[in-house]
Amino acid sequence: MSDKFSKSLELFHRAAEVVPGGIYGHMSPVTTLPGRSPYYAARAKGCRYEDVDGNEYIDFLCGYGPIVLGYQHPEIEEAAEKQRREGDCFNHPTERMVELAEMLTERVDFADWAVFGKNGGDVTTWALQVAREKTGRKKVLKLRGSYHGVDPWCTPGHAGLIDEDRAHIHEFSWNDLQEFHDLVYQFEDEVAAVIITPFHHPAFGDSEMPAEGFLSSIESTCRERGIILILDDIRAGFRLSTGGSHQVFGFTPDMICFCKAIGNGYPISAAMGTNQLKVAASRVFLTGSYWNSAVPMAVAKKCIQILERDQVIDHIDKIGKLLFQGLRELGQKYNRPIKASGPPAVPFATFEGDENFRFMQKFCAGMMEQGVYLHPHHNWFISAAHQEADIKETLQKADLVLKDLV
Amino acid sequence: MNESEKEHLRCRLFLHAVLPAMEDLFKYSASAQEIVGERPFSIAFKSRSGLCSALFIEDGVCRWEKDPVKLSSHALTFMSDSQINALFSGEGFSLPIPTRGFLQPTGFRRFSKLSDLLQVHLEPEKEALQNKEFFEAHVRLLLGVALYGVRELGEHEDDSRRILAHTPNGVAQFIIGDESKAAWVSLRNGKLDAGKGIYEGSPDTTITFTNASIALGALQNDLDVMAAVGKGDIKVDGSVRLADGLGFVMERIPMYLPAKQAS
């Protein structure tokens, strides 16, 4: 175990006594580089953060997606503070809820209403229920390897599950229209919903863009069969478009789920849908102690305004392309070809022929030593705070690391 | 899964995961060698369901075979999987029919003593575990049982098959402390193989337990594995998904075998 992370490890040892797993979920060291990466954060600003050992990193994970404008963005913090002075958690929602719902429905072309939660999983699971309520059907089709939260129907974990949790959940492979149609025909009029992502972003694997016609064909089939098409835009949402990633990929869902970037780190998620689903949506009980908190809603409003005003989406696309290009060139330089996958704003890079990720793990460990946080198994994120200088620095460090490894 | 299916899986685990542990026992236990003596000896176990495996002991070496082709000197046939399970677990009634070697009853007595010795190593008394060498031998035996058990459940149990269908192909090398205590399991398109020692080739993932105590906790489902990995007590290098998938199957073994024998 590296001395560079001694405080992290010391904290983890304490945590392991009082927290199952020490750190659980996607932030568990198990999923990254145990002993070779930080476990606890201390502070952050812009596109950089500092761990509890005082190590600083250029951050390409952005809190696993929420940080789209950068840590401690002054206008976001000001909006949060302004609302905080008025209050956050009341007996009722505030005007912020109405304002945000109106703002979102103005931007998401097909959607007529919005509801709010805290996490992506809150709204994906709720969306399935709305589909079941609307259609009277039970079955749900989802993509193999896709992540929609930690509820029993979709958790990537295995423990604590029973057969009944997934009796009506069926999977098809990304870009495999034949398998999708086979499922639809197999279950005829039993399918309530299909839940998809705008591009495929499995953990421990390359991201994959949709083949031509894949998403539009799914949409057509859903329309023909009265199946509710749900877009899980939690990971990509507000990084590819402020009106939903479906606009980039040329199809239209019936419902869409947002989280992560909508609040620049403040906890808020949203589900939106068409008027045809509004009555069904109104019937599906939806609530949580903090779901109507005003501060994240005020922040989300400001976040969307800044995204549009500062043309952030164009910026992060450009920055992501610089990163992709630089990494590919380095891969060629050191004869370790690099596969860049996913859209530039939500990039991932792996090494060709490195199916077990051993080389990627060494590379990312080396980058962490150099002060750049790259996840070896999960796609990365670009924020508005990343500038060309940060990419240049990242690539210089990648050059050093690869030189050492090869 | 109905009771009969469960008994069949248990029988697979006893015949194809627990019985192979005799090979390791012979390597590390002088007592085992003494029981057999110098005469070659072999014994097969067959169930009416078709499950079969055998031990062949010659020149101080014990070799386990699944579905043996060569005839053993002794054979026991059981009318049901439950009877085999009763013999190995010590629970319930078992009356095997000696179908070979019945004129040489000392062979069956030898196996009975060997089986008692194996039980002492797989289900030791607390005091015995205070001896470091014995403890490490115990854990090494359990690792072998666990990985052979993964092979059986991975191919024949629905839940395990379902998980492994989405687990990447590859070889997982398990090491306890150092390479002298190692075993491996390979997964290729739903087919599993397992072996003891260091895999000849490059494993896709290497799972290293810092010491036998950590390994024992993990094998007995009595360890916070996530915390152990975070602390460095268990190191996973390479394909995390492969390690995770195989780990899931390993955790299911105690459902079919009593905890002490399960791991």
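A crossing of two helices is left-handed if the near helix is turned anticlockwise from the far one by less than a right angle, and right-handed if clockwise. By that rule, α3(A) passes α9(A) in a left-handed crossing. This is a predicted model, in which local features need pLDDT of at least 70, side-chain atom pairs count only at pLDDT 80 or more, and totals for chains, interfaces and linings use all residues. Residues are numbered from 1 along each chain as its sequence is written, chains are lettered from A and ligands numbered from 1 in the order in which they are written, and side-chain values use heavy atoms, leaving out hydrogens and water.

**Helix packing in chain A**

- Helix α3 (residues 95-107) and helix α9 (residues 294-309) of chain A have axes that come within 9 Å and cross at roughly 30 degrees.
- Axes are lines fitted to C-alpha atoms, for helices over the stretch in contact, and angles run from 0 to 180 degrees between N-to-C directions.
- Helices (H or I, at least four residues) and strands (E, at least two) are DSSP runs, numbered from the N terminus.
- Contact means heavy atoms within 4.5 Å. Residues making it include Met97(A), Leu100(A) and Leu104(A) of α3(A), and Met297(A), Lys301(A) and Ile304(A) of α9(A).

**Aromatic pairs**

- The whole structure holds 16 aromatic pairs over all chains. Rings of Phe, Tyr and Trp (its six-membered ring) pair if their centres lie within 6.5 Å; planes under 30 degrees apart count as stacked, over 60 as edge-to-face and the rest as tilted.
- Phe172(A) and Phe180(A) have ring centres 5.0 Å apart and planes at 55 degrees, so this pair is tilted. Both residues are buried (under 20% relative accessible area; exposed is over 50%, partly exposed in between; 1.4 Å probe, protein chains only).
- Phe45(B) and Phe88(B) pair edge-to-face, at 5.8 Å centre to centre and 65 degrees between the planes. Phe45(B) is in strand β1 (residues 41-47) of chain B and Phe88(B) in helix α4 (residues 81-89), 43 residues apart. Both are buried.
- Ring pairs join Phe45(B) and Phe88(B) with Phe14(B) and Phe111(B) in a cluster.

**Charges over rings**

- Lys139(A) lies over the face of Phe187(A), 4.7 Å from the ring centre. The criterion is NZ of Lys or CZ of Arg within 6 Å of the ring centre and within 35 degrees of the ring normal.
- Arg336(A) has its charged end over the ring of Phe359(A), 3.8 Å from the centre.

- Asp24(B), in helix α2 (residues 21-28) of chain B, is buried at a relative accessible area of 4%.
- Asp24(B) touches Leu141(B) and Lys196(B), not counting residues up to four places away in sequence.
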